[in-house]
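Subject: Model handover

Hello,

Here is the model for you to look over. My notes follow below it.

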Amino acid sequence: MYTYSSAYINYRFETLAQLMACASPLRSGDVLAGVAASCETERAAAQHCLADLPLKTFLKEDLISYDSDEVTRIIMDSRDREVFRDQESMTVGEFRNWLLSEQTTGEVLKKAAPGITPEMAAAVSKIMKNQDLILVSSKIRNVTAFRNTLGLGGRLSTRLQPNHPTDDLKGIAASVIDGLLYGSGDAVIGINPATDNLNTISDMLKMLDEIIRGNAIPTQGCVLTHVTTTLDLINKGAPVDLVFQSIGGTEKLNASFGVSASILKEAKQAAEEIGRGSCGNNLMYFETGQGAALSADAAHGVDQQTLEARAYGLARAFDPLLVNTVVGFIGPEYLYDGKQITRAGLEDHFCGKLLGLPMGMDICYTNHAEADQNDMDVLMTLMGTAGCNFIMGIPGGDDIMLNYQTTSYHDALYLRRLLGLRPAPEFEEWLTAKGIFTPDLLPAENQRLQLGEIKGGLGL
Amino acid sequence: MSIIGNPWTGLKQYTDARIALGRTGASLPTAEHLDFQMSHALARDAVHQLPDYEALKKGAEEIFQMPCPLLDSRAADRTVYLQRPDLGRRLSRESAAALKADGEGKEYDFSLTIGDGLSARALEGNLIPFLKALVPELTAAGLKSAPPVMVRQCRVACGDEVAALQSSKISVVLIGERPGLSSPDSLGVYLTWAPEPGETGDDKRNCISNIRGRGMTPEEGSRKLVWLLKESLTRKISGVALKDEQQSLEGNTIMGELD
């Protein structure tokens with residue numbers, strides 16, 4: 001039991017999960033789950049109470065039982081007990097101060113990361129302001145590599161997302177060409193397929209492989225299908241660069257996705273065996289998002305932000321190339337408006353970075369959320385300053401297959417120009433060597449030659 | 001002119017994606033920026049504007065030659081509806097009581113629940129054409145429909161309660177789908193065998209999605225629905241099991257996204 005008392009106010013929180021949930025900044029998903037604070041005073045009281053909690057509490061007390069949940073087991077068993085030992089005696093409030101201190105550099109944070117649990121990260125994020133989340137995140141660079149190097153300081157990469165509602169290969173190719181000529185695609189060229197038909201997905205992988213190899217592009221391709229489908233395709237000899245999977249913070253949620261740690265491990269090994277990387281061997285691509293657990297009835301009374309951080313605990317056991325929090329996709333019953341989406345995005349990015357992950361973000365919204373392009377402009381600008389590894393790039397920001405809006409090729413140009421950010425170094429070299437970009441990192445005014453080269457290989 | 005165009009506008013023949021938009025500096029040209037704003041405005045209004053329920057009710061009554069009561073879910077308004085899907089899945093107590101009184105002692109093959117869902121424009125644009133195509137098919141197939149009901153602030157699972165109160169074997173729900181920027185007016189159809197209010201999983205539902213001017217025609221949607229109704233009644237199933245077979249029989253059923 002946890003209590004907060006002052007002259008006029010007394011609050012009691014029966015469990016650690018309840019304390020964490022009540023300390024969370026307001027969001028509709030926690031209200032829907034019935035775990036949110038009943039009023040602002042209760043929330044502030046919970047935050048006070050949480051700040052006084054020793055970090056060690058999270059090593060002694062499971063939010064979701066170790067015996068019944070493999071995500072808890074992975075989090076606890078894979079934790080490095082040495083690297084964070086000096087800080088373990090801090091309270092959550094002291095942890096915030098330590099994170100923000102000028103002595104705590106990016107190097108220090110990187111060294112401590114393997115000892116920090118998702119629950120510790122989630123707890124401290126709940127008592128941090130948006131600017132705290134941005135400032136601490138901006139200190140941390142989590143660098144990964146496959147065919148290029150992602151996440152370096154001063155760099156911002158994009159996933160080129162060329163989706164088509166009927167998986168039409170020519171339609172997809174048209175969006176890929178558009179994206180490449182706008183300088184998008186260094187994180188990955190990643191297609192969400194409309195079906196899970198094995199032949200269709202195999203054809204998409206072959207096309208991506210032809211584009212990437214045919215034009216010697218230092219990047220990787222991916223079709224975002226279920227991990228078991230990817231495994232099938234690897235076994236059939238398809239050109240698989242990355243293994244994609246949506247994951248969540250509880251075993252039950254992952255079961256609803258049809259995945260477990262052992263399936264992920266099997267697929268990772270299979271992809272490592274064909275080893276198509278040239279710069280490095282990070283080849284897992286995970287997507288996550290607050291609210292997924294509740295919508296699958298797999299939340300165990302834990303608030304959605306803590307569950308999201310637990311998904312990162314699972315992700316880091318697989319040394320991923322990319323982790324993408326799809327922040328506004330799930331809808332207003334989990335994140336109601338631009339304000340809640342912005343806050344969730346900053347929390348997700350911070351928690352992932354603190355845990356050592358290469359965080360990117362699908363800065364997005366659906367048409368039934370109280371959000372619009374202006375909210376996305378704000379969040380993407382914040383993400384640029386916070387040092388986000390990658391964002392999405394999609395023609396005009398309009399995904400005609402998934403029916404939502406995310407960031408566009410133009411948005412990446414804007415963000416790079418505003419903040420002086422550059423694409424991944426190998427990809428930047430390719431863009432300028434090919435004459436797709438000018439030296440000041442805008443698309444060249446005349447791209448007929450480059451268009452002809454890419455198009456020619458595709459028979460369009 | 002400060003706009004730099006793209007020499008690949010010809011690729012637009014392959015996709016509706018917003019490609020070859022051109023640029024000014026790092027930014028979208030004014031015309032393309034405002035086009036996007038208009039598309040978003042249409043989708044937003046589809047979510048937030050109310051359909052003309054009275055006119056739709058009258059239209060449905062004429063086609064079915066039966067009364068079509070106008071009911072409410074437990075979500076009082078759009079703001080509540082968007083944040084509390086659980087309330088949109090239940091009839092208000094008054095509506096449930098009224099429907100129960102009407103349905104006493106009768107039995108039907110299926111109930112038809114017409115719901116606003118997430119797009120008013122889906123109902124306004126597509127409901128009446130769909131019903132006009134559907135009713136002759138139902139008559140030809142000898143299927144017995146309960147009096148249709150229209151539910152304000154409705155989600156798919158609300159039809160489970162309607163079917164239970166009307167003593168129907170199957171719930172059919174016609175509902176406005178979550179609007180996309182290029183498809184703000186898409187009507188979805190959900191069919192559920194022996195629905196149990198509050199207990200029915202999404203894997204028990206069949207969906208016919210994207211009924212709209214530039215998508216599936218009302219005639220095609222009606223044929224698919226009548227096929228599903230007949231199969232479901234004969235085999236006493238719905239959902240994933242039925243979907244697989246329909247795909248192999250018909251080739252191209254699109255599964256939509258619930259709510």
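Asp398(A) and Arg18(B) form a salt bridge, with their closest N and O atoms 2.7 Å apart. A salt bridge here is a side-chain nitrogen of Lys or Arg within 4 Å of a carboxyl oxygen of Asp or Glu. Between chain B and chain A the count is 2 salt bridges.

Before the rest, the ground rules. This is a predicted model, in which local features need pLDDT of at least 70 and side-chain atom pairs count only at pLDDT 80 or more, while totals for chains, interfaces and linings use all residues. Residues are numbered from 1 along each chain as its sequence is written, chains are lettered from A and ligands numbered from 1 in the order in which they are written, and side-chain values use heavy atoms, with hydrogens and water left out.

The interface

In chain B, 39 residues are in contact with 46 residues of chain A. Contact means heavy atoms within 4.5 Å. The two chains bury about 3,600 Å² between them, with 60% of it on carbon and sulfur atoms. Buried area is the accessible area (1.4 Å probe) that two parts lose on being put together, summed over both. Trp8(B), Tyr14(B) and Arg178(B) supply 19% of the area that chain B buries against chain A.

Salt bridges within chain A

Over all chains, the structure holds 34 salt bridges. One of them joins Glu347(A) to Arg27(A), at 2.7 Å from N to O. This pair links distant parts of the chain, 320 residues apart. Glu347(A) sits in helix 17 (residues 338-354) of chain A. Arg27(A) is in the loop between helix 1 (16-23) and helix 2 (28-33) of chain A. Helices (H or I, at least four residues) and strands (E, at least two) are DSSP runs, numbered from the N terminus. Glu347(A) is buried, at a relative accessible area of 0%. Arg27(A) is buried too, at 1%. Buried means under 20% relative accessible area, exposed over 50%, and partly exposed in between (1.4 Å probe, protein chains only).

Lys268(A) and Glu272(A) also meet in a salt bridge, at 3.0 Å from N to O. Both lie in helix 14 (residues 261-274) of chain A. They are 4 residues apart, about one turn of the helix. Lys268(A) is buried at 15%. Glu272(A) is partly exposed at 30%.

Next, Lys434(A) and Glu453(A) pair at 3.1 Å, N to O.

Arg147(A), Asp209(A), Arg213(A), Asp241(A) and Arg276(A) are joined into one by salt bridges that share partners.

The cores

The largest nonpolar core has 154 residues. A nonpolar core is a set of buried Ala, Val, Leu, Ile, Met, Phe, Trp, Tyr and Cys residues joined through side-chain atoms within 4.5 Å. Leu50(A), Phe95(A), Leu99(A) and Leu180(A) touch the most other members. Domain 1 (2-139) and domain 2 (144-454) of chain A both give residues to this core, so it lies between them. The domain bounds come from an automatic or database domain assignment.

Phe95(A) touches, among others, Leu55(A), Phe84(A), Ile116(A) and Leu354(A), leaving aside residues up to four places away in sequence. A second, separate core of 37 residues includes Cys68(B), Leu187(B), Val189(B) and Leu225(B).

Strands 5 and 6 of chain B

Strand 5 (residues 187-193) of chain B pairs with strand 6 in the antiparallel sense, over 5 bridges. Two strands pair if DSSP finds at least two bridges between them. Val189(B) has Ile208(B) in strand 6 as its bridge partner. In strand 6 (residues 205-211), 6 of the 7 residues are buried, so this strand is largely enclosed by the rest of the structure.

Backbone points to check

Leu441(A) is not a glycine, yet has a positive phi of about 60°. Leu441(A) is found in the loop between helix 20 and helix 21 of chain A, and is buried at 13%. Ala20(B) has a positive phi near 55°. Ala20(B) is in the segment before helix 1 (30-48) of chain B, and is buried at 9%.

Best wishes
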